[in-house]
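Take a look at the model below.

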Amino acid sequence: MTPLRDPYTPKIAERQEPFVVLEGVSGVGKSTLAQRLAKRLGAATIHTLTDPHTSWSDSVNRELRPLPQFAFYLSGLLHVSDVVRQALSVGPVVADRYVVSVLACHAAVNHAGLGQVQEMIAPFLPYLVVPDATFCLVSSDSSLKERMGTKTDVKQDDTDLFDIPGRLARLQQNFQAVIDEDPTAVLLPTDGRSPDDLADAIVKYLEDRRA
């Protein structure tokens with residue numbers, strides 16, 4: 001595929017504010033950490049998928065086959081990148097999920113080869129805003145189950161992690177494979193650490209990079 005040109009080329013303004021992404025399986029603590037981190041950084045928080053895609057995701061997952069599903073999530077990713085680009089003109093941005101989740105989750109849920117999904121998304125990567133850092137939250141299975149038991153907004157994706165045989169293992173394997181190839185990725189173990197502790201670690205990482 002040839003590179004995208006006007007009117008598809010994104011408008012890229014001078015960027016000085018950090019763009020931080022939090023990744024990991026459902027229930028690992030991304031949303032809570034995003035709120036704490038945004039407060040510390042004075043950042044906007046963005047969830048992938050953002051509106052208008054959010055309200056359609058359940059129907060898409062239930063009714064569409066894998067390729068149309070992928071097209072939906074790709075369109076959401078392209079849209080959220082525009083939202084991030086605009087928000088960065090005002091201040092820092094913290095995103096709950098981004099490229100890593102689209103790759104890892106789509107491949108795991110649909111029993112697709114991760115390499116095949118990566119090939120499909122590759123032509124669009126130049127359009128996407130590159131994070132300054134992608135923090136992949138990891139926890140033990142026992143800690144994840146404990147967190148899931150206290151989660152108040154449990155969704156189908158959450159319950160499927162443990163109800164569908166092999167789902168969690170496939171997701172964890174895919175996340176690891178993607179972040180191993182991502183130069184922005186930083187592993188962030190969460191067991192025994194509070195959201196404030198994790199926010200401290202991220203802020204220190206960002207400060208050290210600026211020094």
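F135 touches V20, V21, L22, E23, V186, L188, I202 and Y205, leaving aside residues up to four places away in sequence. Contact here means heavy atoms within 4.5 Å. This is a predicted model: local features need pLDDT of at least 70, side-chain atom pairs count only at pLDDT 80 or more, and totals for chains, interfaces and linings use all residues. Residues are numbered from 1 along each chain as its sequence is written, and side-chain values use heavy atoms, with hydrogens and water left out.

F135 belongs to the largest nonpolar core, which has 59 residues. Such a core is a set of buried Ala, Val, Leu, Ile, Met, Phe, Trp, Tyr and Cys residues joined through side-chain atoms within 4.5 Å. Buried means under 20% relative accessible area, exposed over 50%, and partly exposed in between, with a 1.4 Å probe and protein chains only. F19, L22, Y98, F135 and I202 have the most contacts inside this core. Helix α3 (residues 66-88) gives the largest share, nine residues. Helices (H or I, at least four residues) and strands (E, at least two) are DSSP runs, numbered from the N terminus.

Now turn to a helix pair. The axes of α4 (residues 99-109) and α5 (residues 114-121) come within 9 Å and cross at roughly 135°. Axes are lines fitted to C-alpha atoms, for helices over the stretch in contact, and angles run from 0 to 180 degrees between N-to-C directions. The two helices are therefore oblique to each other. Angles under 35 degrees count as roughly parallel, over 145 as roughly antiparallel, 65 to 115 as roughly perpendicular and the rest as oblique. On the α4 side, V99, V102, L103, H106 and A107 make the contact; on the α5 side, L114, V117, Q118 and I121 do.

V178 sits in helix α8 (residues 167-180). What does V178 touch? Its partners are V100, L103, L114 and Q118, again not counting residues up to four places away in sequence. V178 is buried, at 7% relative accessible area.

Last, the backbone. Most residues other than glycine have a negative phi, and most peptide bonds are trans. R97 has a positive phi of about 80°. R97 lies in the loop between β3 (93-96) and α4 and counts as buried at 13% relative accessibility. H111 also has a positive phi, near 55°. H111 lies in the loop between α4 and α5 and counts as exposed at 59%. A cis peptide bond joins D51 and P52, with omega about 5°.
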